[in-house]
Structures are given as structure tokens and as C-alpha cells.
Amino acid sequence: MKELLSVLQKTKADVDFETASNLIDGGILDSFDIIQIISALNEAYDIHIPAAEIIPANFNSAGAMLAMVNRLQDE
């Protein structure tokens, strides 16, 4: 989780990724932020996040993003 938080903080430093659980639903992140996060996660974890995974549930919290990354790494 620590590595993920580091990647996310580099992408959007003014967001508290550690405690936020409504990043999308609360309007904290916009579509441009999500594109940057997807790019950073793809690069940091050597994965490809397909369009089908780009749903609010996968980006509402750091925990949700980590679960998605782990799932994609296992595929």
C-alpha cells in the first residue's frame, strides 16, 4: 500500500489518499486526474488497466485501486 500511496501522491499531491473513500463519488478526482492515475499505475506496476476496469468503484479509494492492481497483476 505504501508504494501505491507514493505513486498517487506524485500524481495528485493535494489529496489525502490514505483516508479518502469517495475520491470519485465525492468529486475529489476528475476525469483528467483518473487518466493521470491510470498512466502512473500502468507504469509503476507494469500492468494495463483496460477500459472495463475504469469504473468509479475501482478508483474511489486507494484500497480499491490496490485491489484492482493486484487483480490485474495476477491475470
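K12 forms a salt bridge with D14, in which the closest N and O atoms lie 4.0 Å apart. This contact belongs to a predicted model, and the structure holds 3 salt bridges.

- D14 is an exposed residue, with a relative accessible area of 64%.
- K12 also meets the side chain of D33 in a salt bridge, at 3.6 Å from N to O.
- This second pair links distant parts of the chain, since D33 belongs to helix α2 and K12 to the loop between α1 and α2, 21 residues apart.
- D33 counts as buried, at 6% relative accessibility.

**The R71–E53 pair**

- R71 and E53 form a salt bridge whose closest N and O atoms are 2.5 Å apart.
- R71 lies in helix α4 and E53 in the loop between α2 and α3 (56-59), so the pair ties together parts that are 18 residues apart in sequence.
- R71 counts as partly exposed, at 34% relative accessibility, whereas E53 is buried, with a relative accessible area of 15%.
- Through shared partners, salt bridges join K12, D14 and D33 into one network.

**Helix α1**

- Helix α1 spans residues 2-11, and its buried residues are L4, L5, V7 and L8.
- Viewed down the axis of α1, these buried residues fall within an arc of 160°, so they line one face of the helix.
- The exposed residues K2 and K10 are carried on the face of α1 turned away from its buried side.
- The cover over the buried residues of α1 includes α2 (31-45) and α4 (62-74).

Methods: Residues numbered from 1 in each chain as written. Predicted model: local features only at pLDDT ≥ 70, side-chain atom pairs only at ≥ 80, totals over all residues. Heavy atoms only, no water. Buried < 20%, exposed > 50% of the residue type's maximum accessible area, 1.4 Å probe, protein only. Helix = DSSP H or I, 4+ residues; strand = E, 2+ residues; numbered from the N terminus. Arc of directions from axis to C-beta. Contact = heavy atoms within 4.5 Å.
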